[in-house]
Amino acid sequence: MITVENIVRRFGGIRAVDGCSLSVAQGSITGLIGPNGAGKSTLFNIIAGLLRPDAGTIKLAGEDVTGWPAHRLFGKGLARTFQIAHEFGRMTVLENLMAVPGGQSGESIINAWLRWSAVRAEEAKIRGRAEEVLSQLRIDHVKHELAGNLSGGQKKLVELARTMMWQPKVVLLDEIGAGVNRALLSDIAGEIERLNRDHGYTFFVIEHDMDLIARLCSPVIVMAEGRVLMQGSMQEIRQNAEVIEAYLGGGKVRHGAA
Amino acid sequence: MDMQLFGLIMYAISLATMFGIYGVLCLGLNLQWGFAGLFNAGIAGFFAVGAYATAILTSPESPNYLGGFGWPPLLALPIAMLLSGLIAWPVGRICLGLKGDYLAMATIGISEIIRLILKNEDWLANGTMGISTVPRPFESLGQPWGNVAFLGFVLLVMAILYLAAERAWISPWGRAMRAIRDNELAAAAIGKDVVRFRLEAFVIGSMVMGLGGALSAMYFKFIGSSATEPLLTTFLVWVMLIIGGSGNNRGAMVGAGLVWLIWSGTELLTNRLPAEWITRSSYMRALLIGILLIVVLQRFAKGVLPEKPPRRIDG
(Lines give C-alpha, C1' and ligand atoms only; values in the text may rest on other atoms or scores of the structure.)
Protein backbone atom coordinates (compact mmCIF):
# COMPACT_ATOMS: atom_id res chain seq x y z
CA MET A 1 0.00 0.00 0.00
CA ILE A 2 2.81 2.38 0.97
CA THR A 3 6.35 1.96 -0.36
CA VAL A 4 9.13 4.17 0.94
CA GLU A 5 12.41 4.09 -0.96
CA ASN A 6 15.67 5.66 0.21
CA ILE A 7 14.03 8.67 1.82
CA VAL A 8 16.42 11.32 3.14
CA ARG A 9 15.43 14.44 5.04
CA ARG A 10 17.83 16.81 6.76
CA PHE A 11 17.10 19.57 9.26
CA GLY A 12 20.15 21.78 9.28
CA GLY A 13 23.03 19.40 9.93
CA ILE A 14 20.84 16.63 11.32
CA ARG A 15 19.80 13.81 9.02
CA ALA A 16 16.43 13.09 10.62
CA VAL A 17 15.62 10.44 8.03
CA ASP A 18 18.69 8.94 6.43
CA GLY A 19 18.05 6.58 3.56
CA CYS A 20 14.97 4.90 4.94
CA SER A 21 13.24 2.17 2.90
CA LEU A 22 10.22 0.18 4.01
CA SER A 23 6.82 -0.97 2.83
CA VAL A 24 3.42 -1.32 4.41
CA ALA A 25 1.39 -4.21 3.01
CA GLN A 26 -2.23 -3.73 2.05
CA GLY A 27 -4.58 -4.86 4.80
CA SER A 28 -1.87 -4.95 7.46
CA ILE A 29 -1.54 -3.10 10.73
CA THR A 30 2.14 -2.27 10.53
CA GLY A 31 3.89 -0.89 13.60
CA LEU A 32 6.74 1.61 13.63
CA ILE A 33 8.81 1.81 16.80
CA GLY A 34 12.13 3.30 17.74
CA PRO A 35 13.76 5.66 20.24
CA ASN A 36 12.94 9.37 20.37
CA GLY A 37 14.61 11.16 17.50
CA ALA A 38 14.71 8.02 15.34
CA GLY A 39 12.89 9.90 12.57
CA LYS A 40 9.50 8.21 12.87
CA SER A 41 7.36 11.33 12.93
CA THR A 42 9.47 12.99 10.26
CA LEU A 43 8.92 9.96 8.05
CA PHE A 44 5.18 10.17 8.74
CA ASN A 45 5.14 13.84 7.82
CA ILE A 46 6.93 13.04 4.57
CA ILE A 47 4.52 10.22 3.69
CA ALA A 48 1.54 12.46 4.53
CA GLY A 49 2.84 15.30 2.36
CA LEU A 50 3.59 17.84 5.07
CA LEU A 51 7.34 17.69 4.46
CA ARG A 52 9.21 17.23 1.22
CA PRO A 53 11.98 14.63 1.24
CA ASP A 54 15.44 15.76 0.15
CA ALA A 55 15.77 12.47 -1.75
CA GLY A 56 13.90 9.24 -2.32
CA THR A 57 10.40 8.30 -3.43
CA ILE A 58 7.05 7.53 -1.82
CA LYS A 59 4.52 5.31 -3.55
CA LEU A 60 0.89 5.01 -2.53
CA ALA A 61 -0.96 2.03 -4.01
CA GLY A 62 1.70 1.79 -6.72
CA GLU A 63 1.55 5.46 -7.74
CA ASP A 64 4.52 7.77 -7.21
CA VAL A 65 3.20 10.48 -4.86
CA THR A 66 6.52 12.00 -3.78
CA GLY A 67 6.09 15.68 -2.97
CA TRP A 68 2.30 15.68 -3.32
CA PRO A 69 0.57 18.16 -1.00
CA ALA A 70 -1.38 16.69 1.92
CA HIS A 71 -4.81 17.53 0.56
CA ARG A 72 -4.19 15.59 -2.66
CA LEU A 73 -2.93 12.56 -0.76
CA PHE A 74 -6.10 12.61 1.29
CA GLY A 75 -8.02 12.42 -1.95
CA LYS A 76 -6.04 9.26 -2.81
CA GLY A 77 -7.19 7.66 0.44
CA LEU A 78 -4.43 8.54 2.90
CA ALA A 79 -5.61 9.82 6.30
CA ARG A 80 -3.58 10.55 9.40
CA THR A 81 -3.62 11.61 13.02
CA PHE A 82 -0.98 13.77 14.67
CA GLN A 83 1.37 13.09 17.58
CA ILE A 84 -0.04 16.14 19.35
CA ALA A 85 -3.77 16.33 18.63
CA HIS A 86 -4.63 18.81 15.87
CA GLU A 87 -8.29 19.48 16.56
CA PHE A 88 -10.28 22.37 15.08
CA GLY A 89 -10.53 24.09 18.44
CA ARG A 90 -13.29 26.63 17.85
CA MET A 91 -15.54 24.11 16.11
CA THR A 92 -17.80 21.56 17.80
CA VAL A 93 -16.82 17.90 17.80
CA LEU A 94 -19.60 17.21 15.32
CA GLU A 95 -18.31 19.95 13.01
CA ASN A 96 -14.78 18.55 13.30
CA LEU A 97 -16.11 15.37 11.72
CA MET A 98 -18.52 16.98 9.27
CA ALA A 99 -15.71 19.07 7.80
CA VAL A 100 -13.98 15.92 6.57
CA PRO A 101 -15.85 14.48 3.57
CA GLY A 102 -14.29 15.66 0.32
CA GLY A 103 -16.16 17.11 -2.60
CA GLN A 104 -19.03 18.55 -0.53
CA SER A 105 -21.07 20.67 -2.92
CA GLY A 106 -21.56 23.24 -0.14
CA GLU A 107 -17.82 23.85 -0.06
CA SER A 108 -18.38 25.95 -3.14
CA ILE A 109 -19.60 29.37 -2.05
CA ILE A 110 -21.68 29.66 -5.22
CA ASN A 111 -23.58 26.47 -4.35
CA ALA A 112 -24.02 27.68 -0.78
CA TRP A 113 -25.67 30.82 -2.10
CA LEU A 114 -27.63 29.44 -5.04
CA ARG A 115 -28.23 25.70 -4.54
CA TRP A 116 -29.06 25.67 -0.87
CA SER A 117 -31.57 22.83 -0.81
CA ALA A 118 -29.07 20.43 -2.40
CA VAL A 119 -26.45 21.50 0.14
CA ARG A 120 -28.85 20.90 3.01
CA ALA A 121 -29.82 17.46 1.77
CA GLU A 122 -26.16 16.48 1.51
CA GLU A 123 -25.54 17.91 4.96
CA ALA A 124 -28.13 15.57 6.48
CA LYS A 125 -26.21 12.55 5.18
CA ILE A 126 -22.88 13.87 6.43
CA ARG A 127 -24.36 14.55 9.86
CA GLY A 128 -25.78 11.02 9.98
CA ARG A 129 -22.39 9.54 9.22
CA ALA A 130 -20.67 11.78 11.79
CA GLU A 131 -23.11 10.76 14.52
CA GLU A 132 -22.59 7.11 13.66
CA VAL A 133 -18.81 7.44 13.97
CA LEU A 134 -19.10 9.37 17.24
CA SER A 135 -21.27 6.71 18.81
CA GLN A 136 -18.95 3.95 17.58
CA LEU A 137 -16.12 5.67 19.44
CA ARG A 138 -18.44 6.46 22.35
CA ILE A 139 -17.85 10.18 22.34
CA ASP A 140 -21.29 11.22 21.14
CA HIS A 141 -22.01 12.83 24.53
CA VAL A 142 -19.51 15.61 23.72
CA LYS A 143 -20.63 16.20 20.15
CA HIS A 144 -21.78 19.76 20.77
CA GLU A 145 -18.70 20.75 22.80
CA LEU A 146 -16.00 22.88 21.24
CA ALA A 147 -13.15 20.53 20.39
CA GLY A 148 -10.66 22.92 21.99
CA ASN A 149 -12.31 22.31 25.38
CA LEU A 150 -11.88 18.52 25.36
CA SER A 151 -9.30 16.51 27.30
CA GLY A 152 -6.16 15.33 25.54
CA GLY A 153 -7.45 11.78 25.18
CA GLN A 154 -10.79 12.93 23.79
CA LYS A 155 -9.02 15.10 21.22
CA LYS A 156 -7.12 12.01 20.07
CA LEU A 157 -10.42 10.23 19.64
CA VAL A 158 -11.80 13.12 17.61
CA GLU A 159 -8.78 12.81 15.32
CA LEU A 160 -9.34 9.08 14.93
CA ALA A 161 -13.02 9.76 14.29
CA ARG A 162 -12.12 12.23 11.54
CA THR A 163 -10.14 9.57 9.70
CA MET A 164 -13.21 7.31 9.82
CA MET A 165 -15.42 9.88 8.07
CA TRP A 166 -14.06 9.25 4.62
CA GLN A 167 -13.40 5.54 3.98
CA PRO A 168 -9.62 5.89 3.80
CA LYS A 169 -7.44 3.15 2.30
CA VAL A 170 -4.60 3.70 4.73
CA VAL A 171 -4.45 5.53 8.04
CA LEU A 172 -1.28 6.79 9.70
CA LEU A 173 -1.65 6.88 13.48
CA ASP A 174 1.04 8.91 15.24
CA GLU A 175 1.04 7.88 18.91
CA ILE A 176 -2.69 7.50 19.18
CA GLY A 177 -2.21 6.13 22.70
CA ALA A 178 -0.30 9.06 24.21
CA GLY A 179 -2.42 10.72 26.89
CA VAL A 180 -5.23 8.18 26.62
CA ASN A 181 -6.18 6.10 29.67
CA ARG A 182 -5.82 2.31 29.64
CA ALA A 183 -9.49 1.41 29.35
CA LEU A 184 -10.06 3.86 26.52
CA LEU A 185 -6.89 2.73 24.77
CA SER A 186 -8.16 -0.82 24.79
CA ASP A 187 -11.38 0.40 23.18
CA ILE A 188 -9.41 2.26 20.54
CA ALA A 189 -7.32 -0.83 19.82
CA GLY A 190 -10.52 -2.83 19.41
CA GLU A 191 -11.84 -0.21 17.02
CA ILE A 192 -8.66 -0.29 14.95
CA GLU A 193 -8.87 -4.08 14.73
CA ARG A 194 -12.51 -3.87 13.68
CA LEU A 195 -11.83 -1.27 10.97
CA ASN A 196 -8.96 -3.37 9.70
CA ARG A 197 -10.97 -6.60 9.71
CA ASP A 198 -14.38 -5.38 8.54
CA HIS A 199 -13.48 -2.44 6.33
CA GLY A 200 -10.05 -3.41 5.10
CA TYR A 201 -8.31 -0.24 6.32
CA THR A 202 -4.54 -0.52 6.30
CA PHE A 203 -2.92 1.03 9.38
CA PHE A 204 0.60 2.33 9.87
CA VAL A 205 1.12 2.99 13.55
CA ILE A 206 3.80 4.84 15.53
CA GLU A 207 3.53 3.86 19.17
CA HIS A 208 5.65 3.71 22.30
CA ASP A 209 3.23 1.44 24.16
CA MET A 210 4.72 -2.01 23.51
CA ASP A 211 1.61 -3.84 24.75
CA LEU A 212 -0.48 -2.01 22.20
CA ILE A 213 2.04 -2.73 19.46
CA ALA A 214 2.17 -6.41 20.44
CA ARG A 215 -1.62 -6.63 20.40
CA LEU A 216 -2.20 -4.87 17.08
CA CYS A 217 0.77 -4.88 14.82
CA SER A 218 2.25 -7.38 12.47
CA PRO A 219 4.80 -6.78 11.19
CA VAL A 220 6.68 -4.26 13.33
CA ILE A 221 9.40 -2.05 11.87
CA VAL A 222 12.15 -0.69 14.11
CA MET A 223 13.77 2.63 13.19
CA ALA A 224 16.90 4.11 14.70
CA GLU A 225 18.98 7.06 13.55
CA GLY A 226 16.82 7.66 10.52
CA ARG A 227 17.06 4.14 9.13
CA VAL A 228 15.24 0.83 9.40
CA LEU A 229 17.01 -1.36 11.92
CA MET A 230 14.88 -4.44 11.45
CA GLN A 231 11.44 -5.71 10.59
CA GLY A 232 9.61 -8.72 11.97
CA SER A 233 7.03 -9.95 14.42
CA MET A 234 7.02 -8.45 17.91
CA GLN A 235 8.50 -11.71 19.23
CA GLU A 236 11.41 -11.60 16.84
CA ILE A 237 12.04 -8.01 17.71
CA ARG A 238 12.00 -8.63 21.44
CA GLN A 239 14.77 -11.17 20.96
CA ASN A 240 16.97 -9.02 18.76
CA ALA A 241 20.02 -7.75 20.61
CA GLU A 242 20.48 -4.66 18.49
CA VAL A 243 16.91 -3.54 19.07
CA ILE A 244 17.17 -4.18 22.76
CA GLU A 245 20.21 -2.00 22.90
CA ALA A 246 18.80 0.78 20.75
CA TYR A 247 15.36 0.98 22.20
CA LEU A 248 13.77 -1.62 24.40
CA GLY A 249 16.28 -1.23 27.21
CA GLY A 250 18.92 -3.48 28.69
CA GLY A 251 21.76 -1.51 27.14
CA LYS A 252 23.32 -1.25 30.61
CA VAL A 253 26.47 -3.13 29.80
CA ARG A 254 27.47 -0.69 27.16
CA HIS A 255 26.40 2.23 29.27
CA GLY A 256 28.52 0.95 32.14
CA ALA A 257 31.48 0.43 29.87
CA ALA A 258 31.28 3.98 28.62
CA MET B 1 -39.70 72.93 10.13
CA ASP B 2 -37.74 73.85 13.23
CA MET B 3 -34.17 74.33 12.02
CA GLN B 4 -32.61 72.69 15.02
CA LEU B 5 -34.80 69.60 14.72
CA PHE B 6 -34.07 69.43 11.01
CA GLY B 7 -30.34 69.58 11.71
CA LEU B 8 -30.68 66.82 14.27
CA ILE B 9 -32.54 64.61 11.82
CA MET B 10 -29.95 65.21 9.13
CA TYR B 11 -27.22 64.37 11.64
CA ALA B 12 -28.97 61.12 12.56
CA ILE B 13 -29.28 60.23 8.87
CA SER B 14 -25.58 60.83 8.31
CA LEU B 15 -24.68 58.75 11.38
CA ALA B 16 -26.82 55.88 10.13
CA THR B 17 -25.41 56.09 6.61
CA MET B 18 -21.85 55.92 7.90
CA PHE B 19 -22.88 53.00 10.12
CA GLY B 20 -24.07 51.21 6.99
CA ILE B 21 -20.85 51.90 5.08
CA TYR B 22 -18.65 50.77 7.97
CA GLY B 23 -20.95 47.79 8.47
CA VAL B 24 -20.19 46.73 4.90
CA LEU B 25 -16.44 47.12 5.49
CA CYS B 26 -16.63 45.13 8.74
CA LEU B 27 -18.55 42.31 7.06
CA GLY B 28 -15.79 42.21 4.44
CA LEU B 29 -13.04 42.04 7.06
CA ASN B 30 -14.96 39.37 8.95
CA LEU B 31 -14.91 37.18 5.84
CA GLN B 32 -11.14 37.39 5.90
CA TRP B 33 -10.29 37.44 9.59
CA GLY B 34 -13.34 35.92 11.29
CA PHE B 35 -13.81 33.12 8.77
CA ALA B 36 -10.34 32.39 7.45
CA GLY B 37 -7.96 33.99 9.96
CA LEU B 38 -6.35 36.20 7.32
CA PHE B 39 -4.74 39.30 8.78
CA ASN B 40 -5.44 41.96 6.15
CA ALA B 41 -3.88 45.20 7.34
CA GLY B 42 -4.45 46.88 3.97
CA ILE B 43 -8.19 47.59 4.06
CA ALA B 44 -7.44 51.16 2.97
CA GLY B 45 -6.03 49.94 -0.34
CA PHE B 46 -9.06 47.89 -1.39
CA PHE B 47 -11.37 50.62 -0.11
CA ALA B 48 -9.46 53.11 -2.28
CA VAL B 49 -9.73 50.94 -5.39
CA GLY B 50 -13.51 50.75 -5.05
CA ALA B 51 -13.88 54.43 -4.21
CA TYR B 52 -11.68 55.75 -7.03
CA ALA B 53 -13.15 53.33 -9.56
CA THR B 54 -16.61 54.66 -8.73
CA ALA B 55 -15.46 58.27 -8.90
CA ILE B 56 -13.80 57.82 -12.29
CA LEU B 57 -16.69 55.83 -13.76
CA THR B 58 -19.56 58.01 -12.58
CA SER B 59 -18.25 61.59 -12.48
CA PRO B 60 -18.85 63.85 -15.48
CA GLU B 61 -16.05 64.15 -18.02
CA SER B 62 -13.08 66.18 -16.88
CA PRO B 63 -9.80 67.21 -18.53
CA ASN B 64 -7.96 66.75 -15.22
CA TYR B 65 -8.13 62.98 -14.86
CA LEU B 66 -9.10 59.72 -16.51
CA GLY B 67 -12.73 59.97 -17.63
CA GLY B 68 -15.02 60.69 -15.97
CA PHE B 69 -17.30 58.48 -17.83
CA GLY B 70 -20.59 59.66 -16.45
CA TRP B 71 -21.95 56.15 -15.81
CA PRO B 72 -25.05 55.60 -13.74
CA PRO B 73 -23.88 55.00 -10.15
CA LEU B 74 -25.54 51.62 -9.72
CA LEU B 75 -23.64 50.26 -12.73
CA ALA B 76 -20.36 51.39 -11.20
CA LEU B 77 -20.82 49.38 -8.01
CA PRO B 78 -20.27 45.90 -9.49
CA ILE B 79 -17.30 47.20 -11.51
CA ALA B 80 -15.77 48.70 -8.37
CA MET B 81 -16.13 45.33 -6.64
CA LEU B 82 -14.71 43.49 -9.61
CA LEU B 83 -11.66 45.76 -9.75
CA SER B 84 -10.96 45.31 -6.04
CA GLY B 85 -11.25 41.57 -6.54
CA LEU B 86 -8.95 41.66 -9.57
CA ILE B 87 -6.30 43.42 -7.53
CA ALA B 88 -6.81 41.17 -4.51
CA TRP B 89 -6.33 38.02 -6.59
CA PRO B 90 -2.63 38.38 -7.50
CA VAL B 91 -1.91 39.89 -4.09
CA GLY B 92 -3.49 36.83 -2.50
CA ARG B 93 -1.69 34.43 -4.84
CA ILE B 94 1.64 35.89 -3.82
CA CYS B 95 1.00 36.68 -0.17
CA LEU B 96 -1.29 33.94 1.12
CA GLY B 97 1.67 31.58 1.28
CA LEU B 98 2.90 34.03 3.89
CA LYS B 99 1.77 33.26 7.39
CA GLY B 100 0.03 35.56 9.86
CA ASP B 101 2.11 38.62 10.54
CA TYR B 102 3.89 38.44 7.18
CA LEU B 103 0.58 38.68 5.38
CA ALA B 104 -0.21 41.73 7.52
CA MET B 105 3.04 43.41 6.48
CA ALA B 106 2.58 42.56 2.83
CA THR B 107 -0.97 43.94 2.77
CA ILE B 108 0.08 47.18 4.50
CA GLY B 109 2.76 47.62 1.84
CA ILE B 110 0.46 46.93 -1.08
CA SER B 111 -2.25 49.16 0.32
CA GLU B 112 0.21 52.05 0.66
CA ILE B 113 1.47 51.48 -2.90
CA ILE B 114 -2.11 51.69 -4.20
CA ARG B 115 -2.75 54.85 -2.20
CA LEU B 116 0.46 56.50 -3.32
CA ILE B 117 -0.19 55.74 -6.98
CA LEU B 118 -3.68 57.22 -6.72
CA LYS B 119 -2.31 60.25 -4.89
CA ASN B 120 0.61 60.98 -7.19
CA GLU B 121 -0.56 60.03 -10.67
CA ASP B 122 -2.43 63.23 -11.50
CA TRP B 123 -3.70 61.98 -14.88
CA LEU B 124 -5.42 59.04 -13.19
CA ALA B 125 -7.39 60.57 -10.34
CA ASN B 126 -6.46 64.26 -10.14
CA GLY B 127 -3.74 63.64 -7.54
CA THR B 128 -4.07 65.33 -4.19
CA MET B 129 -7.02 67.44 -5.35
CA GLY B 130 -9.12 64.30 -5.69
CA ILE B 131 -12.41 64.01 -7.52
CA SER B 132 -15.23 66.10 -6.11
CA THR B 133 -17.98 65.57 -8.67
CA VAL B 134 -19.07 62.05 -7.75
CA PRO B 135 -22.84 61.80 -8.10
CA ARG B 136 -24.86 60.35 -5.27
CA PRO B 137 -27.91 58.24 -6.12
CA PHE B 138 -31.28 59.80 -5.24
CA GLU B 139 -29.67 63.23 -4.98
CA SER B 140 -32.40 64.71 -7.16
CA LEU B 141 -34.96 64.09 -4.41
CA GLY B 142 -33.38 66.95 -2.46
CA GLN B 143 -32.96 67.21 1.31
CA PRO B 144 -33.93 65.33 3.35
CA TRP B 145 -35.58 62.73 1.12
CA GLY B 146 -32.56 62.15 -1.10
CA ASN B 147 -30.47 61.47 2.01
CA VAL B 148 -33.11 59.16 3.41
CA ALA B 149 -33.30 57.23 0.15
CA PHE B 150 -29.52 56.88 -0.02
CA LEU B 151 -29.48 55.73 3.61
CA GLY B 152 -32.10 53.13 2.72
CA PHE B 153 -29.98 52.00 -0.20
CA VAL B 154 -26.84 51.64 1.95
CA LEU B 155 -28.72 49.70 4.62
CA LEU B 156 -30.22 47.46 1.94
CA VAL B 157 -26.76 46.69 0.57
CA MET B 158 -25.53 45.90 4.08
CA ALA B 159 -28.54 43.68 4.74
CA ILE B 160 -27.98 41.70 1.54
CA LEU B 161 -24.31 41.29 2.39
CA TYR B 162 -25.23 40.22 5.91
CA LEU B 163 -27.56 37.51 4.58
CA ALA B 164 -24.93 36.31 2.10
CA ALA B 165 -22.28 36.24 4.83
CA GLU B 166 -24.57 34.38 7.24
CA ARG B 167 -25.27 31.77 4.57
CA ALA B 168 -21.55 31.45 3.99
CA TRP B 169 -20.97 31.08 7.75
CA ILE B 170 -23.41 28.20 8.21
CA SER B 171 -22.44 26.47 4.96
CA PRO B 172 -19.80 23.76 4.47
CA TRP B 173 -17.71 26.50 2.80
CA GLY B 174 -17.61 28.42 6.07
CA ARG B 175 -16.88 25.22 7.96
CA ALA B 176 -13.88 24.42 5.77
CA MET B 177 -12.74 28.02 6.20
CA ARG B 178 -12.93 27.81 9.99
CA ALA B 179 -11.13 24.45 9.95
CA ILE B 180 -8.26 26.06 8.05
CA ARG B 181 -8.28 29.00 10.45
CA ASP B 182 -8.19 26.73 13.51
CA ASN B 183 -5.56 24.31 12.25
CA GLU B 184 -4.01 24.61 8.84
CA LEU B 185 -2.08 21.32 8.96
CA ALA B 186 -5.05 19.26 10.05
CA ALA B 187 -7.25 20.91 7.42
CA ALA B 188 -4.77 19.94 4.72
CA ALA B 189 -4.63 16.44 6.19
CA ILE B 190 -8.40 16.09 5.73
CA GLY B 191 -8.10 17.11 2.12
CA LYS B 192 -8.89 20.83 2.18
CA ASP B 193 -7.05 22.85 -0.43
CA VAL B 194 -5.84 25.52 1.98
CA VAL B 195 -4.57 27.93 -0.65
CA ARG B 196 -7.78 27.82 -2.71
CA PHE B 197 -10.03 28.49 0.28
CA ARG B 198 -7.86 31.30 1.61
CA LEU B 199 -7.71 32.93 -1.79
CA GLU B 200 -11.51 32.83 -2.04
CA ALA B 201 -11.96 34.45 1.37
CA PHE B 202 -9.34 37.07 0.59
CA VAL B 203 -10.76 37.99 -2.81
CA ILE B 204 -14.42 38.04 -1.74
CA GLY B 205 -13.59 40.03 1.41
CA SER B 206 -11.59 42.54 -0.62
CA MET B 207 -14.46 42.91 -3.10
CA VAL B 208 -16.75 43.78 -0.21
CA MET B 209 -14.21 46.36 0.99
CA GLY B 210 -14.19 47.82 -2.52
CA LEU B 211 -17.97 48.06 -2.34
CA GLY B 212 -17.64 49.93 0.95
CA GLY B 213 -15.24 52.34 -0.74
CA ALA B 214 -17.66 52.85 -3.61
CA LEU B 215 -20.55 53.67 -1.26
CA SER B 216 -18.32 56.04 0.66
CA ALA B 217 -17.26 57.93 -2.48
CA MET B 218 -20.93 58.32 -3.43
CA TYR B 219 -21.95 59.46 0.00
CA PHE B 220 -19.28 62.15 0.31
CA LYS B 221 -19.53 62.93 -3.43
CA PHE B 222 -15.77 63.18 -3.17
CA ILE B 223 -12.71 60.96 -3.08
CA GLY B 224 -9.20 62.14 -2.37
CA SER B 225 -6.13 60.91 -0.56
CA SER B 226 -7.43 62.22 2.77
CA ALA B 227 -10.48 59.94 2.55
CA THR B 228 -8.38 56.79 2.28
CA GLU B 229 -6.23 57.45 5.36
CA PRO B 230 -5.55 54.12 7.09
CA LEU B 231 -6.69 55.66 10.39
CA LEU B 232 -10.21 56.09 9.01
CA THR B 233 -10.36 52.79 7.19
CA THR B 234 -7.95 50.04 8.23
CA PHE B 235 -7.62 51.05 11.89
CA LEU B 236 -11.24 51.92 12.55
CA VAL B 237 -12.62 48.85 10.78
CA TRP B 238 -10.31 46.53 12.71
CA VAL B 239 -11.35 48.12 16.01
CA MET B 240 -15.00 47.78 15.02
CA LEU B 241 -14.71 44.09 14.18
CA ILE B 242 -12.75 43.24 17.32
CA ILE B 243 -15.08 45.19 19.61
CA GLY B 244 -18.18 43.81 17.91
CA GLY B 245 -16.92 40.23 17.85
CA SER B 246 -14.93 38.70 15.01
CA GLY B 247 -16.40 35.50 13.66
CA ASN B 248 -19.89 36.90 14.16
CA ASN B 249 -21.55 38.77 11.30
CA ARG B 250 -23.97 40.53 13.62
CA GLY B 251 -21.08 41.42 15.89
CA ALA B 252 -19.33 43.02 12.90
CA MET B 253 -22.32 45.31 12.34
CA VAL B 254 -22.81 46.04 16.05
CA GLY B 255 -19.14 46.98 16.32
CA ALA B 256 -19.47 49.29 13.32
CA GLY B 257 -22.44 51.06 14.95
CA LEU B 258 -20.93 51.37 18.42
CA VAL B 259 -17.52 52.59 17.37
CA TRP B 260 -18.89 55.00 14.79
CA LEU B 261 -21.27 56.46 17.36
CA ILE B 262 -18.38 57.08 19.73
CA TRP B 263 -16.05 58.29 16.97
CA SER B 264 -18.45 60.88 15.64
CA GLY B 265 -19.73 61.73 19.11
CA THR B 266 -16.26 62.75 20.11
CA GLU B 267 -16.17 65.06 17.10
CA LEU B 268 -19.06 67.03 18.59
CA LEU B 269 -17.26 67.20 21.92
CA THR B 270 -13.88 68.20 20.55
CA ASN B 271 -15.46 71.02 18.57
CA ARG B 272 -16.35 72.64 21.89
CA LEU B 273 -12.84 72.40 23.26
CA PRO B 274 -10.68 75.49 23.63
CA ALA B 275 -8.88 76.44 20.43
CA GLU B 276 -5.46 75.18 21.49
CA TRP B 277 -6.92 71.70 22.05
CA ILE B 278 -8.85 71.44 18.82
CA THR B 279 -5.70 70.98 16.78
CA ARG B 280 -4.90 67.93 18.85
CA SER B 281 -8.40 66.54 18.75
CA SER B 282 -7.85 63.93 16.04
CA TYR B 283 -5.03 62.37 18.06
CA MET B 284 -7.19 62.43 21.17
CA ARG B 285 -9.94 60.60 19.33
CA ALA B 286 -7.57 57.86 18.20
CA LEU B 287 -6.34 57.62 21.77
CA LEU B 288 -9.90 57.39 23.05
CA ILE B 289 -10.74 54.60 20.62
CA GLY B 290 -7.58 52.78 21.69
CA ILE B 291 -8.62 53.02 25.34
CA LEU B 292 -12.12 51.86 24.45
CA LEU B 293 -10.63 48.84 22.68
CA ILE B 294 -8.63 47.90 25.78
CA VAL B 295 -11.63 48.31 28.08
CA VAL B 296 -13.91 46.25 25.86
CA LEU B 297 -11.33 43.50 25.47
CA GLN B 298 -10.92 43.38 29.26
CA ARG B 299 -14.65 42.88 29.69
CA PHE B 300 -15.52 40.93 26.58
CA ALA B 301 -12.41 39.15 25.37
CA LYS B 302 -14.21 37.92 22.27
CA GLY B 303 -16.16 41.08 21.52
CA VAL B 304 -19.67 42.21 22.38
CA LEU B 305 -21.22 39.40 20.33
CA PRO B 306 -18.74 36.51 20.40
CA GLU B 307 -18.40 33.87 17.72
CA LYS B 308 -20.84 30.97 18.01
CA PRO B 309 -20.79 27.68 16.09
CA PRO B 310 -23.53 27.87 13.46
CA ARG B 311 -26.91 26.25 13.95
CA ARG B 312 -27.58 23.04 12.07
CA ILE B 313 -28.80 23.54 8.54
CA ASP B 314 -30.23 20.15 7.62
CA GLY B 315 -33.62 20.67 9.26
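How many residues of chain A are in contact with how many residues of chain B? In this predicted model, 34 residues of chain A are in contact with 26 residues of chain B, where contact means that the C-beta atoms of two residues, placed from the backbone, lie within 7 Å.

Residues are numbered from 1 along each chain as its sequence is written, while chains are lettered from A and ligands numbered from 1 in the order in which they are written. Because the model is predicted, local features need pLDDT of at least 70 and side-chain atom pairs count only at pLDDT 80 or more, but totals for chains, interfaces and linings use all residues.

**Where the chains meet**

On the side of chain A that touches chain B, the elements giving two or more residues are α2 (70–75), α3 (93–98), α4 (109–114) and α5 (116–136) of chain A. Helices here are DSSP runs of H or I with at least four residues, strands are runs of E with at least two, and both are numbered from the N terminus. The largest share of that side, 5 residues, comes from α5(A). By class, the side of chain A divides into 16 nonpolar, 9 polar and 9 charged residues. Ala, Val, Leu, Ile, Met, Phe, Trp, Tyr, Cys and Pro count as nonpolar, Asp, Glu, Lys and Arg as charged, and the others, Gly among them, as polar.

**Inside chain A**

Chain A is divided into domain 1 (2–87 + 163–257) and domain 2 (89–149), with bounds that come from an automatic or database domain assignment. Taken over C-alpha atoms, the centres of these domains of chain A are separated by 29 Å. Across the boundary, 8 residues of domain 1 of chain A are in contact with 14 residues of domain 2 of chain A. On the domain 1 side, α2 and α7 (182–199) of chain A are the elements that give two or more residues.

Chain A also has an open sheet of 4 strands, in the order β2-β1-β4-β5, with antiparallel pairing. Two strands pair if DSSP finds at least two bridges between them. Why is one side of β2 (14–24) and of β5 (63–64) of chain A left without a neighbour in the sheet? Both stand at the edges, each with a single partner strand, so one side has no neighbour there. Strand β1 (residues 2–11) and strand β4 (residues 55–60) of chain A pair in the antiparallel sense over 5 bridges, and A:Val8 has A:Ala55 in β4(A) as its bridge partner. Helix α1 (residues 40–47) of chain A packs on the sheet, touching β1, β2 and β4 of chain A.

Not counting residues up to four places away in sequence, B:Ala88 touches B:Phe46, B:Phe202, B:Val203 and B:Ser206. With the same exclusion, B:Ile278 is in contact with B:Thr270 and B:Leu273.

**Confidence**

Chain B has a mean pLDDT of 91, and 99% of its residues reach 70 or more; pLDDT is the predictor's confidence in each residue, from 0 to 100. The model scores ipTM 0.89 and pTM 0.91.

Definitions and conventions
Axes are lines fitted to C-alpha atoms, for helices over the stretch in contact, and angles run from 0 to 180 degrees between N-to-C directions.
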